[in-house]
Amino acid sequence: MATSVSASAFLGSWGSSVAGEDYAMLHAKAAPAQVRVARPVRAQPMMKNINEGKGVFAPLVVVTRNIIGKKRFNQLRGKAIALHSQVITEFCKSIGADAKQRQGLIRLAKKNGERLGFLA
């Protein structure tokens with residue numbers, strides 16, 4: 001294998017001749033300067049109840065949803081949740097609870113609703 005001296009050799013690097021091309025040129029062709037990597041695909045977050053189908057009231061909720069339809073059922077559920085939040089807010093006002101305690105009570109109501117099957 002013959003060694004050749006190229007213009008790049010005088011700048012401080014050594015090149016070796018492989019089939020008439022400089023090693024530096026082969027290296028530059030083999031590895032592109034920028035490599036584009038595709039973004040990993042993220043799964044969409046799912047707002048799903050972990051207690052789906054469990055709880056005392058879950059069968060009643062599922063039957064009601066099947067009878068009146070999913071769209072109408074979700075509208076009624078939204079109204080019920082809004083009314084319940086208003087009741088909790090009024091309760092907090094009457095006992096003098098601050099916003100942090102109120103938010104804690106609303107979270108507790110949601111957890112209880114999941115456990116009982118209201119959010120099935």
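Modeller: Take Thr89. This is a predicted model, and in it Thr89 has a relative accessibility of 19%. Buried means under 20%, so Thr89 counts as buried. The residue is found in helix H3, which covers residues 70–95. Its side chain reaches the backbone oxygen of Ser85, at 2.9 Å.

Now the chain around it. The protein chain has four helices and two strands, and along the sequence they follow the pattern β-β-α-α-α-α. Of its 120 residues, 16% count as buried, and Thr89 is one that counts as buried. The chain exposes about 10,200 Å², with carbon and sulfur atoms supplying 62% of that area. Among contacts with a separation of 6 or more, 50% are accounted for by residues 24 or more positions apart.

The structure holds one aromatic pair. Its members are Phe57 and Phe118, with 4.6 Å centre to centre and 15° between the planes, and the pair is stacked. Phe57 lies in the loop between helix H1 (23–30) and helix H2 (58–68), while Phe118 lies in the segment after helix H4 (99–116), so the pair ties together parts that are 61 residues apart in sequence. Phe57, at 32% relative accessibility, counts as partly exposed. Phe118 also counts as partly exposed, at 40%.

Definitions and conventions
Residues are numbered from 1 along each chain as its sequence is written. This is a predicted model: local features need pLDDT of at least 70, side-chain atom pairs count only at pLDDT 80 or more; totals for chains, interfaces and linings use all residues. Side-chain values use heavy atoms; hydrogens and water are left out. Buried means under 20% relative accessible area, exposed over 50%, partly exposed in between (1.4 Å probe, protein chains only). Contact means heavy atoms within 4.5 Å. Accessible areas come from the Shrake-Rupley method with a 1.4 Å probe; for residues, only the protein chains shown count as cover. A polar contact is a pair of N or O atoms within 3.5 Å; within protein, one must be able to donate a hydrogen and the other to accept it, and residues adjacent in sequence count only if both atoms are side-chain atoms. Rings of Phe, Tyr and Trp (its six-membered ring) pair if their centres lie within 6.5 Å; planes under 30 degrees apart count as stacked, over 60 as edge-to-face and the rest as tilted.
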